[in-house]
Amino acid sequence: ELLLCRHGQTEWNVLGRLQGQLDTELDMTGRQQAGALASALASRLLHAPLATAVYSSDLSRVSETAAICVRACCSEGGGMPPIRLDARLRERKLGLFEGLTVMEAKSKYPIEWKRFISGQKVDGVEDDEQI
């Protein structure tokens, strides 16, 4: 069985900023969300086999979410393996759009934005084939 979990909220999520591979941290709400996820996972693991591996992106928002979950599962009596950080699990690299809102990206890079949303290649932005 494979469980996939998304990281908790960051300030940039609230502001509508495109994070891509920039390393932004969880905000207080994101930490609460990670705690709620951790509780749900800990409850599930009481009735299921232990996890054999925990993988996480090396970005702070993701690795902190994973750490909160692992700590909660361990405190519920389950033994959890160490978190394996892997840069290949990062979000899509958004290049010149990273740090901008969608409106800013459209305004600052209108040609590149149209190419991006239509699925065409944009220099410095990972396309579907690279992911």
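Thr 10 is placed in the segment before helix 1 (11-15), where helices (H or I, at least four residues) and strands (E, at least two) are DSSP runs numbered from the N terminus. The structure is a predicted model, in which local features need pLDDT of at least 70 and side-chain atom pairs count only at pLDDT 80 or more, while totals for chains, interfaces and linings use all residues. Residues are numbered from 1 along each chain as its sequence is written, and side-chain values use heavy atoms, with hydrogens and water left out.

Thr 10 counts as buried, at 1% relative accessibility; buried means under 20% relative accessible area, exposed over 50%, and partly exposed in between (1.4 Å probe, protein chains only). Beyond its neighbours within four places in sequence, Thr 10 is in contact (heavy atoms within 4.5 Å) with Gln 19, Thr 24, Glu 25, Leu 26, Asp 27 and Arg 61. Glu 11, found in helix 1, counts as exposed at 52% relative accessibility. With the neighbours within four places again set aside, Glu 11 is in contact with Glu 25 and Asp 27.

The cysteines come next. A disulfide is a pair of cysteine sulfur atoms within 2.5 Å, and by this rule the count comes to zero. Cys 5 is in no disulfide, since the nearest cysteine sulfur, that of Cys 69, is 5.9 Å away. Cys 5 counts as partly exposed, at 43% relative accessibility, whereas Cys 69 is buried, with a relative accessible area of 8%.

The structure also holds four aromatic pairs. Rings of Phe, Tyr and Trp (its six-membered ring) pair if their centres lie within 6.5 Å; planes under 30 degrees apart count as stacked, over 60 as edge-to-face and the rest as tilted. Phe 97 and Phe 116 form a tilted pair, 5.5 Å centre to centre with 45 degrees between the planes. This pair links distant parts of the chain, 19 residues apart: Phe 97 lies in the loop between strand 2 (83-85) and helix 4 (102-108), and Phe 116 in helix 5 (residues 110-117). Phe 97 is buried, with a relative accessible area of 1%.

Trp 113 and Phe 116 form another tilted pair, 5.4 Å centre to centre with 50 degrees between the planes. Both residues are buried, and they lie three residues apart in helix 5, about one turn of the helix. Ring pairs link Phe 97, Tyr 109, Trp 113 and Phe 116 into a cluster.
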